[in-house]
Amino acid sequence: ALIHICFCLQHEQGRFLCFDHLTFWVGNAKQAASYYCNKLGFEPLAYRGLETGSREVVSHAVKQGKVKKPQSLHPGSEMGEHLVKHGDGVKDIAFTVEDCDFLVETARERGAVIVKEPHTLEDKYGKVRLAVLQTYGDTTHTFVERSGYSGSFLPGFHPPLFKDPLLAKLPSGKLNFIDHVVGNQPDDEMVPVVDWYQKNLLFHRFWSVDDKQLQTEFSALRSIVVANYEETVKMPINEPAMGNRKSQIQEYVEYYGGPGVQHIAMNTSDIITAIRNLKERGMEFMSVPDTYYNQLRENLKNSKVKVLEDVDVLQELKILVDYDDNGYLLQIFTKPVQDRPTVFLEVIQRHNHQGFGAGNFKSLFEAIEADQNARGNLTVLTPNGISKNM
Ligand SMILES: [Fe+2]
(Lines give C-alpha, C1' and ligand atoms only; values in the text may rest on other atoms or scores of the structure.)
Protein backbone atom coordinates (compact mmCIF):
# COMPACT_ATOMS: atom_id res chain seq x y z
CA ALA A 1 0.00 0.00 0.00
CA LEU A 2 1.14 3.51 -0.74
CA ILE A 3 0.62 6.36 1.65
CA HIS A 4 0.61 9.95 0.49
CA ILE A 5 1.13 12.77 2.86
CA CYS A 6 -0.24 15.80 1.20
CA PHE A 7 -0.08 19.49 1.66
CA CYS A 8 -3.59 20.78 1.32
CA LEU A 9 -4.28 24.21 -0.09
CA GLN A 10 -7.24 26.07 1.28
CA HIS A 11 -8.91 28.89 -0.60
CA GLU A 12 -8.52 32.24 1.15
CA GLN A 13 -12.16 32.76 0.48
CA GLY A 14 -14.95 30.53 -0.81
CA ARG A 15 -14.98 26.75 -0.76
CA PHE A 16 -16.39 23.61 -2.32
CA LEU A 17 -19.01 22.13 -0.01
CA CYS A 18 -20.17 18.93 -1.73
CA PHE A 19 -21.45 17.45 -4.98
CA ASP A 20 -24.62 19.38 -5.86
CA HIS A 21 -26.01 17.31 -8.76
CA LEU A 22 -24.99 15.56 -11.97
CA THR A 23 -26.40 16.40 -15.38
CA PHE A 24 -26.81 13.66 -17.97
CA TRP A 25 -27.29 14.59 -21.59
CA VAL A 26 -29.52 11.93 -23.05
CA GLY A 27 -31.58 11.27 -26.15
CA ASN A 28 -34.84 10.95 -24.23
CA ALA A 29 -34.96 12.61 -20.82
CA LYS A 30 -38.46 11.36 -20.04
CA GLN A 31 -37.48 7.71 -20.40
CA ALA A 32 -34.08 8.14 -18.72
CA ALA A 33 -35.68 9.79 -15.68
CA SER A 34 -38.16 6.92 -15.52
CA TYR A 35 -35.29 4.39 -15.53
CA TYR A 36 -33.53 6.07 -12.60
CA CYS A 37 -36.81 6.25 -10.69
CA ASN A 38 -37.97 2.70 -11.39
CA LYS A 39 -34.68 0.83 -11.19
CA LEU A 40 -32.71 2.90 -8.67
CA GLY A 41 -35.29 4.41 -6.35
CA PHE A 42 -35.07 8.05 -7.41
CA GLU A 43 -38.14 10.28 -7.24
CA PRO A 44 -39.21 13.06 -9.59
CA LEU A 45 -38.05 16.38 -8.10
CA ALA A 46 -38.57 19.08 -10.69
CA TYR A 47 -39.29 19.61 -14.37
CA ARG A 48 -38.90 22.17 -17.09
CA GLY A 49 -40.01 21.81 -20.67
CA LEU A 50 -42.44 23.12 -23.25
CA GLU A 51 -45.34 23.14 -20.77
CA THR A 52 -43.43 25.38 -18.37
CA GLY A 53 -42.17 27.80 -21.02
CA SER A 54 -38.78 26.20 -21.67
CA ARG A 55 -38.71 26.22 -25.48
CA GLU A 56 -35.32 24.58 -26.08
CA VAL A 57 -34.50 22.38 -23.14
CA VAL A 58 -36.41 19.59 -21.46
CA SER A 59 -35.07 18.61 -18.03
CA HIS A 60 -36.34 16.09 -15.55
CA ALA A 61 -34.62 16.41 -12.16
CA VAL A 62 -34.81 13.30 -9.98
CA LYS A 63 -33.70 12.94 -6.39
CA GLN A 64 -32.91 10.36 -3.73
CA GLY A 65 -31.54 11.34 -0.31
CA LYS A 66 -29.25 14.18 -1.28
CA VAL A 67 -28.50 12.73 -4.73
CA LYS A 68 -29.96 14.87 -7.51
CA LYS A 69 -29.77 14.14 -11.20
CA PRO A 70 -31.37 16.25 -13.86
CA GLN A 71 -31.73 14.73 -17.29
CA SER A 72 -31.80 17.17 -20.15
CA LEU A 73 -32.75 17.24 -23.77
CA HIS A 74 -31.71 20.08 -26.01
CA PRO A 75 -32.92 19.92 -29.60
CA GLY A 76 -30.08 22.36 -30.36
CA SER A 77 -26.95 21.42 -32.26
CA GLU A 78 -24.49 21.28 -29.36
CA MET A 79 -26.50 18.58 -27.66
CA GLY A 80 -27.12 16.76 -30.93
CA GLU A 81 -23.39 16.55 -31.60
CA HIS A 82 -22.71 15.53 -28.03
CA LEU A 83 -25.20 12.67 -28.33
CA VAL A 84 -23.80 11.40 -31.61
CA LYS A 85 -20.26 11.46 -30.24
CA HIS A 86 -20.78 10.20 -26.69
CA GLY A 87 -24.21 8.60 -26.48
CA ASP A 88 -26.05 9.18 -23.19
CA GLY A 89 -23.60 10.31 -20.55
CA VAL A 90 -22.69 12.71 -17.78
CA LYS A 91 -22.24 16.21 -19.21
CA ASP A 92 -21.75 18.10 -15.97
CA ILE A 93 -20.70 17.53 -12.37
CA ALA A 94 -22.02 20.37 -10.20
CA PHE A 95 -20.55 21.37 -6.84
CA THR A 96 -22.33 23.34 -4.14
CA VAL A 97 -19.96 26.20 -3.37
CA GLU A 98 -19.51 29.25 -1.20
CA ASP A 99 -18.46 32.38 -3.12
CA CYS A 100 -18.84 31.24 -6.71
CA ASP A 101 -17.29 34.46 -8.09
CA PHE A 102 -14.10 34.14 -6.07
CA LEU A 103 -13.63 30.46 -7.02
CA VAL A 104 -14.13 31.30 -10.71
CA GLU A 105 -11.65 34.20 -10.53
CA THR A 106 -9.04 31.96 -8.87
CA ALA A 107 -9.51 29.29 -11.54
CA ARG A 108 -9.41 31.88 -14.34
CA GLU A 109 -6.13 33.38 -13.09
CA ARG A 110 -4.69 29.90 -13.12
CA GLY A 111 -5.75 29.23 -16.68
CA ALA A 112 -9.09 27.40 -16.46
CA VAL A 113 -11.57 27.81 -19.33
CA ILE A 114 -14.80 29.46 -18.15
CA VAL A 115 -17.68 28.14 -20.27
CA LYS A 116 -20.32 30.34 -18.61
CA GLU A 117 -19.39 33.38 -16.56
CA PRO A 118 -20.92 33.77 -13.08
CA HIS A 119 -24.58 34.69 -13.44
CA THR A 120 -27.65 34.81 -11.24
CA LEU A 121 -30.87 32.87 -11.82
CA GLU A 122 -33.92 33.98 -9.90
CA ASP A 123 -37.52 33.00 -9.27
CA LYS A 124 -40.02 33.48 -6.47
CA TYR A 125 -38.01 31.15 -4.20
CA GLY A 126 -34.85 33.26 -4.34
CA LYS A 127 -31.57 33.51 -6.21
CA VAL A 128 -28.84 31.07 -7.22
CA ARG A 129 -25.41 32.12 -8.50
CA LEU A 130 -23.93 29.76 -11.12
CA ALA A 131 -20.85 29.43 -13.34
CA VAL A 132 -19.60 26.65 -15.64
CA LEU A 133 -15.97 25.55 -16.13
CA GLN A 134 -14.49 23.16 -18.68
CA THR A 135 -12.80 20.03 -17.32
CA TYR A 136 -11.72 16.79 -19.06
CA GLY A 137 -13.09 16.06 -22.54
CA ASP A 138 -16.50 17.64 -23.13
CA THR A 139 -17.31 17.41 -19.42
CA THR A 140 -17.95 20.55 -17.38
CA HIS A 141 -18.24 21.59 -13.73
CA THR A 142 -21.01 23.89 -12.57
CA PHE A 143 -20.43 25.89 -9.40
CA VAL A 144 -23.74 26.41 -7.60
CA GLU A 145 -24.03 28.99 -4.83
CA ARG A 146 -27.52 28.54 -3.46
CA SER A 147 -27.41 30.51 -0.21
CA GLY A 148 -30.96 31.23 0.82
CA TYR A 149 -32.65 29.59 -2.18
CA SER A 150 -35.77 27.75 -1.01
CA GLY A 151 -36.99 26.18 -4.28
CA SER A 152 -36.82 22.43 -4.86
CA PHE A 153 -33.98 22.50 -7.41
CA LEU A 154 -33.04 25.58 -9.45
CA PRO A 155 -34.86 28.71 -10.63
CA GLY A 156 -36.97 27.95 -13.69
CA PHE A 157 -37.87 24.43 -12.59
CA HIS A 158 -41.43 23.48 -11.73
CA PRO A 159 -42.90 20.62 -9.71
CA PRO A 160 -43.07 17.36 -11.72
CA LEU A 161 -46.13 17.19 -13.96
CA PHE A 162 -46.77 13.51 -13.41
CA LYS A 163 -46.69 11.28 -10.35
CA ASP A 164 -45.99 7.66 -11.29
CA PRO A 165 -48.22 5.54 -8.99
CA LEU A 166 -45.89 2.56 -9.39
CA LEU A 167 -43.01 4.23 -7.51
CA ALA A 168 -44.76 4.32 -4.14
CA LYS A 169 -45.22 0.54 -4.33
CA LEU A 170 -41.51 -0.22 -4.79
CA PRO A 171 -39.01 -0.79 -1.95
CA SER A 172 -36.68 2.11 -1.07
CA GLY A 173 -33.32 2.47 -2.85
CA LYS A 174 -31.75 3.75 0.41
CA LEU A 175 -29.10 5.82 -1.38
CA ASN A 176 -28.09 8.93 0.56
CA PHE A 177 -25.46 11.04 -1.22
CA ILE A 178 -22.84 11.03 -3.98
CA ASP A 179 -19.68 9.48 -2.53
CA HIS A 180 -17.34 9.94 -5.49
CA VAL A 181 -17.40 10.45 -9.26
CA VAL A 182 -14.76 8.77 -11.44
CA GLY A 183 -13.36 10.17 -14.70
CA ASN A 184 -11.70 8.01 -17.36
CA GLN A 185 -8.89 9.51 -19.44
CA PRO A 186 -7.03 8.27 -22.51
CA ASP A 187 -3.48 6.95 -22.14
CA ASP A 188 -1.05 9.38 -20.48
CA GLU A 189 -3.70 11.99 -19.73
CA MET A 190 -4.35 11.14 -16.07
CA VAL A 191 -1.58 13.27 -14.59
CA PRO A 192 -2.41 16.43 -16.60
CA VAL A 193 -6.05 16.13 -15.47
CA VAL A 194 -4.99 15.64 -11.84
CA ASP A 195 -2.74 18.70 -12.23
CA TRP A 196 -5.71 20.68 -13.56
CA TYR A 197 -7.68 20.04 -10.35
CA GLN A 198 -4.68 20.85 -8.18
CA LYS A 199 -3.86 24.04 -10.02
CA ASN A 200 -7.29 25.47 -10.82
CA LEU A 201 -9.57 24.24 -8.04
CA LEU A 202 -6.84 23.84 -5.36
CA PHE A 203 -7.82 20.20 -4.94
CA HIS A 204 -5.16 17.83 -3.56
CA ARG A 205 -4.20 14.21 -4.12
CA PHE A 206 -6.32 12.32 -1.62
CA TRP A 207 -4.72 9.84 0.74
CA SER A 208 -5.49 6.60 -0.93
CA VAL A 209 -4.13 3.14 -1.54
CA ASP A 210 -5.56 3.33 -5.03
CA ASP A 211 -2.80 5.53 -6.39
CA LYS A 212 -0.91 2.84 -8.24
CA GLN A 213 -1.20 0.47 -11.12
CA LEU A 214 -3.99 -2.06 -10.78
CA GLN A 215 -3.98 -5.08 -12.97
CA THR A 216 -5.44 -8.45 -13.78
CA GLU A 217 -3.84 -11.14 -15.87
CA PHE A 218 -5.07 -9.28 -18.94
CA SER A 219 -5.45 -5.57 -18.44
CA ALA A 220 -4.43 -2.70 -16.24
CA LEU A 221 -5.18 0.86 -15.18
CA ARG A 222 -3.72 3.65 -13.11
CA SER A 223 -5.79 5.86 -10.81
CA ILE A 224 -5.22 8.99 -8.72
CA VAL A 225 -7.89 10.47 -6.46
CA VAL A 226 -8.30 14.25 -6.16
CA ALA A 227 -10.33 15.92 -3.40
CA ASN A 228 -11.28 19.39 -2.20
CA TYR A 229 -9.74 20.84 0.99
CA GLU A 230 -12.49 19.44 3.24
CA GLU A 231 -12.45 16.09 1.38
CA THR A 232 -16.19 16.17 0.80
CA VAL A 233 -15.71 15.98 -2.99
CA LYS A 234 -13.64 13.01 -4.17
CA MET A 235 -12.86 12.26 -7.78
CA PRO A 236 -10.69 9.33 -8.85
CA ILE A 237 -9.09 9.92 -12.28
CA ASN A 238 -8.20 6.77 -14.28
CA GLU A 239 -6.12 6.01 -17.33
CA PRO A 240 -5.45 2.71 -19.10
CA ALA A 241 -2.11 1.02 -18.52
CA MET A 242 -0.42 -1.45 -20.84
CA GLY A 243 -1.59 -5.02 -20.35
CA ASN A 244 -1.65 -7.86 -22.84
CA ARG A 245 -5.31 -7.16 -23.64
CA LYS A 246 -7.23 -3.95 -24.11
CA SER A 247 -7.90 -2.13 -20.84
CA GLN A 248 -11.56 -1.56 -19.91
CA ILE A 249 -10.59 2.11 -19.57
CA GLN A 250 -9.53 2.07 -23.21
CA GLU A 251 -12.81 0.36 -24.14
CA TYR A 252 -14.66 3.17 -22.33
CA VAL A 253 -12.64 5.89 -24.07
CA GLU A 254 -13.31 4.36 -27.49
CA TYR A 255 -17.05 3.99 -26.94
CA TYR A 256 -17.50 7.35 -25.20
CA GLY A 257 -15.41 9.08 -27.84
CA GLY A 258 -12.86 10.49 -25.38
CA PRO A 259 -12.55 11.25 -21.68
CA GLY A 260 -15.67 11.23 -19.52
CA VAL A 261 -17.39 10.08 -16.36
CA GLN A 262 -16.97 6.33 -15.85
CA HIS A 263 -18.98 5.77 -12.70
CA ILE A 264 -20.89 7.51 -9.96
CA ALA A 265 -20.76 6.03 -6.48
CA MET A 266 -23.72 6.58 -4.21
CA ASN A 267 -23.34 6.18 -0.46
CA THR A 268 -25.79 4.19 1.64
CA SER A 269 -25.86 3.39 5.36
CA ASP A 270 -27.54 0.01 4.72
CA ILE A 271 -26.12 -1.65 1.62
CA ILE A 272 -27.77 -5.03 2.28
CA THR A 273 -31.29 -3.59 2.23
CA ALA A 274 -30.36 -1.19 -0.58
CA ILE A 275 -29.11 -3.96 -2.89
CA ARG A 276 -31.87 -6.37 -1.97
CA ASN A 277 -34.38 -3.64 -2.88
CA LEU A 278 -32.60 -2.49 -6.04
CA LYS A 279 -32.33 -6.09 -7.27
CA GLU A 280 -36.04 -6.51 -6.60
CA ARG A 281 -36.61 -3.38 -8.71
CA GLY A 282 -34.77 -5.12 -11.54
CA MET A 283 -31.44 -3.27 -11.39
CA GLU A 284 -28.66 -5.33 -12.94
CA PHE A 285 -25.35 -5.63 -11.06
CA MET A 286 -21.90 -7.06 -11.76
CA SER A 287 -21.29 -10.43 -10.17
CA VAL A 288 -18.20 -12.16 -8.79
CA PRO A 289 -17.69 -15.93 -8.44
CA ASP A 290 -18.27 -17.73 -5.12
CA THR A 291 -14.50 -18.31 -4.87
CA TYR A 292 -14.22 -14.58 -4.01
CA TYR A 293 -16.17 -15.23 -0.79
CA ASN A 294 -14.25 -18.39 0.10
CA GLN A 295 -11.05 -16.36 -0.16
CA LEU A 296 -12.60 -13.48 1.80
CA ARG A 297 -13.61 -15.75 4.70
CA GLU A 298 -10.04 -17.10 4.85
CA ASN A 299 -8.49 -13.62 4.74
CA LEU A 300 -10.82 -12.19 7.37
CA LYS A 301 -9.75 -14.88 9.85
CA ASN A 302 -6.35 -13.18 10.06
CA SER A 303 -7.51 -9.59 9.91
CA LYS A 304 -7.84 -7.08 12.73
CA VAL A 305 -11.09 -5.73 11.39
CA LYS A 306 -14.42 -7.38 12.10
CA VAL A 307 -17.02 -7.27 9.33
CA LEU A 308 -20.38 -6.80 11.06
CA GLU A 309 -22.49 -7.98 8.14
CA ASP A 310 -23.12 -11.68 7.53
CA VAL A 311 -20.71 -12.79 4.79
CA ASP A 312 -23.30 -15.35 3.59
CA VAL A 313 -25.72 -12.50 2.90
CA LEU A 314 -22.98 -10.45 1.18
CA GLN A 315 -22.26 -13.51 -0.96
CA GLU A 316 -25.93 -14.01 -1.81
CA LEU A 317 -26.15 -10.38 -2.97
CA LYS A 318 -22.62 -10.36 -4.50
CA ILE A 319 -21.56 -7.35 -2.44
CA LEU A 320 -17.77 -6.85 -2.35
CA VAL A 321 -15.65 -6.12 0.74
CA ASP A 322 -12.37 -4.19 1.01
CA TYR A 323 -10.63 -3.53 4.31
CA ASP A 324 -7.50 -2.60 6.21
CA ASP A 325 -6.64 -2.79 9.93
CA ASN A 326 -8.93 0.09 10.85
CA GLY A 327 -12.08 -0.36 8.84
CA TYR A 328 -13.78 -1.68 5.74
CA LEU A 329 -16.08 -0.76 2.91
CA LEU A 330 -18.83 -2.66 1.12
CA GLN A 331 -19.49 -1.98 -2.55
CA ILE A 332 -21.20 -3.27 -5.67
CA PHE A 333 -21.26 -2.03 -9.28
CA THR A 334 -24.08 -1.99 -11.79
CA LYS A 335 -23.76 -3.00 -15.40
CA PRO A 336 -23.51 -0.02 -17.82
CA VAL A 337 -26.77 1.96 -17.72
CA GLN A 338 -26.95 2.65 -21.49
CA ASP A 339 -26.27 0.68 -24.68
CA ARG A 340 -22.63 1.72 -24.91
CA PRO A 341 -20.23 0.16 -22.35
CA THR A 342 -19.63 3.58 -20.75
CA VAL A 343 -21.26 4.96 -17.58
CA PHE A 344 -22.18 2.67 -14.68
CA LEU A 345 -23.05 3.19 -11.02
CA GLU A 346 -21.71 2.00 -7.70
CA VAL A 347 -23.37 1.61 -4.31
CA ILE A 348 -20.96 1.94 -1.37
CA GLN A 349 -21.17 1.71 2.41
CA ARG A 350 -18.19 2.82 4.51
CA HIS A 351 -17.16 1.63 7.96
CA ASN A 352 -14.21 3.84 8.87
CA HIS A 353 -12.54 3.20 5.51
CA GLN A 354 -11.84 5.97 3.01
CA GLY A 355 -10.55 3.90 0.09
CA PHE A 356 -12.29 3.10 -3.18
CA GLY A 357 -12.05 -0.68 -3.21
CA ALA A 358 -8.53 -1.26 -4.58
CA GLY A 359 -8.60 -4.75 -3.07
CA ASN A 360 -11.61 -5.56 -5.23
CA PHE A 361 -10.30 -4.16 -8.48
CA LYS A 362 -8.91 -7.48 -9.60
CA SER A 363 -12.12 -9.48 -9.01
CA LEU A 364 -14.25 -6.69 -10.36
CA PHE A 365 -12.14 -6.27 -13.47
CA GLU A 366 -12.23 -9.97 -14.14
CA ALA A 367 -16.02 -9.74 -14.05
CA ILE A 368 -15.93 -6.71 -16.37
CA GLU A 369 -13.51 -8.51 -18.68
CA ALA A 370 -15.96 -11.38 -19.02
CA ASP A 371 -18.56 -8.86 -20.25
CA GLN A 372 -15.95 -7.06 -22.35
CA ASN A 373 -15.12 -10.39 -23.99
CA ALA A 374 -18.82 -11.00 -24.66
CA ARG A 375 -18.88 -7.59 -26.40
CA GLY A 376 -15.91 -8.65 -28.55
CA ASN A 377 -13.70 -5.98 -26.99
CA LEU A 378 -11.21 -7.94 -24.89
CA THR A 379 -8.76 -7.69 -27.75
CA VAL A 380 -5.15 -8.82 -27.72
CA LEU A 381 -2.68 -5.95 -27.97
CA THR A 382 0.38 -6.61 -30.08
CA PRO A 383 3.68 -4.69 -29.93
CA ASN A 384 3.02 -2.79 -33.17
CA GLY A 385 -0.24 -1.50 -31.76
CA ILE A 386 -2.61 -3.49 -33.96
CA SER A 387 -5.22 -5.32 -31.95
CA LYS A 388 -7.22 -8.34 -32.96
CA ASN A 389 -10.32 -9.92 -31.53
CA MET A 390 -10.02 -13.16 -29.63
FE1 LIG B 1 -15.85 3.83 -7.18
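Which residues of helix α6 (residues 271-280) are buried? In this predicted model, where local features need pLDDT of at least 70 and side-chain atom pairs count only at pLDDT 80 or more, totals for chains, interfaces and linings use all residues. Residues are numbered from 1 along each chain as its sequence is written. The buried residues of α6 are I271, A274, I275 and L278; a residue is called buried if 20 or more other C-beta atoms lie within 10 Å of its own, with C-beta atoms placed from the backbone. These four residues cover an arc of only 90 degrees around the axis, so they sit on the same side of α6, the arc being that of the directions from the helix axis to the C-beta atoms. Their cover includes α1, α8 (311-317), β16 (328-333) and β17 (344-351). After α6 comes G282, with a positive phi near 95 degrees.

Stepping back to the whole protein, there are nine helices and 19 strands, taken as DSSP runs (helices are H or I, at least four residues; strands are E, at least two) and numbered from the N terminus. Buried residues account for 44% of the 390 residues. Along its principal axes, the C-alpha trace spans about 60 × 50 × 45 Å.

At least three residues come from each of domain 1 (15-164) and domain 2 (177-381), with bounds from an automatic or database domain assignment. Leaving aside residues up to four places away in sequence, M266 touches V67, L175, I178, D179, L345 and V347, a contact being two C-beta atoms, placed from the backbone, within 7 Å.

Strand β5 (residues 89-98) is mostly covered, with nine of its 10 residues buried. Strand β1 (residues 15-25) runs antiparallel to β5 and is joined to it by nine bridges; strands count as paired if DSSP finds at least two bridges between them. Here H21 stands opposite A94 of β5. Strand β8 (residues 140-145) runs parallel to β5, with five bridges between them, and F95 has F143 in β8 as its bridge partner.

Terms used:
A residue is buried if 20 or more other C-beta atoms lie within 10 Å of its own, exposed if 12 or fewer, and partly exposed in between; C-beta atoms are placed from the backbone.
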